[in-house]
Amino acid sequence: MIFLSTPTQETDAISALGEDLKELQELGKPDVLMDALKGWVPDLIRFGLNLLVILVIFIVGRKIIRLLLKMARHSFERAGMEIGVTKSIGSLLKFSLNALLIFMIAGQLGIDSASIVAILGSAGLAIGLALQESLKNFAGGILILVMKPF
């Protein structure tokens, strides 16, 4: 409870409370709330449509990825590739296609993908140079499994 020393201070405090109450009543009126919502409606509609497009891109992209992986698996079986090679190339293909799908969705969201690609490219170069000998051996092993020179 607030105790004020003079009647004028009490009167001023009551009038300030009355003004605050009027402001709260003004905010509670449907016109003020509706005016604020009317300003948001175009943005909300645009955001909803953007989410719908992203959802369609994701669903169609996943179906296309599944179809491409099935076609690749079938062609690997017809070529008579080893199971290990088939799985490793299939997982690499799946990772690459999913990364491409994520870049497409990020582009739809408005994210500039050029900087992300530059960072990933420089990181890939650094990792490739660091693991150069190991990657040579890995690629040689894959070639031996695919070509079957023995």
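The second largest pocket comes in at a volume of about 150 Å³. A pocket here is an open set of points on a 1 Å grid over the protein atoms alone, where a 1.4 Å probe fits, with protein on both sides within 12 Å along at least five of seven lines. Grid points are joined across faces, edges and corners, and the volume is the space filled by probe spheres set on the points. The model is predicted, so to speak of local features takes a pLDDT of at least 70, side-chain atom pairs count only at pLDDT 80 or more, and totals for chains, interfaces and linings use all residues. Residues are numbered from 1 along each chain as its sequence is written, and side-chain values use heavy atoms, with hydrogens and water left out.

Lining this second pocket (lining residues have an atom within 4 Å of a point) are Ile 57, Val 60, Gly 61, Ile 64, Ile 65, Leu 68, Leu 97, Leu 100, Leu 101 and Met 104. The largest share, six residues, belongs to α2; helices are DSSP runs (H or I, at least four residues) numbered from the N terminus. By class the lining has nine nonpolar residues, one polar and no charged ones, where Ala, Val, Leu, Ile, Met, Phe, Trp, Tyr, Cys and Pro count as nonpolar, Asp, Glu, Lys and Arg as charged, and the others, Gly among them, as polar.

The largest pocket holds about 190 Å³ of space. Both α2 (30–79) and α3 (83–109) supply at least two residues of its lining, but here the largest share, six residues, comes from α3. Its lining has four nonpolar, three polar and five charged residues, with Arg 73, Glu 77, Glu 82, Lys 87 and Lys 94 among them.

Next, the core. Six residues make up the largest nonpolar core: Ile 54, Ile 65, Leu 69, Leu 97, Leu 101 and Ile 105. Such a core is a set of buried Ala, Val, Leu, Ile, Met, Phe, Trp, Tyr and Cys residues joined through side-chain atoms within 4.5 Å, buried meaning under 20% relative accessible area with a 1.4 Å probe, protein chains only. Beyond its neighbours within four places in sequence, Ile 105 is in contact (heavy atoms within 4.5 Å) with Ile 54, Ile 57 and Phe 58.

As for α3, its buried residues are Val 85, Thr 86, Leu 97, Asn 98, Leu 101, Ile 105 and Ala 106. Its 27 residues should span 39 Å at 1.5 Å a residue, and the end C-alpha atoms are 39 Å apart, which agrees; the expected span is 1.5 Å times one less than the number of residues. Gly 110 follows α3, with a positive phi near 100°.

Key:
Buried means under 20% relative accessible area, exposed over 50%, partly exposed in between (1.4 Å probe, protein chains only).
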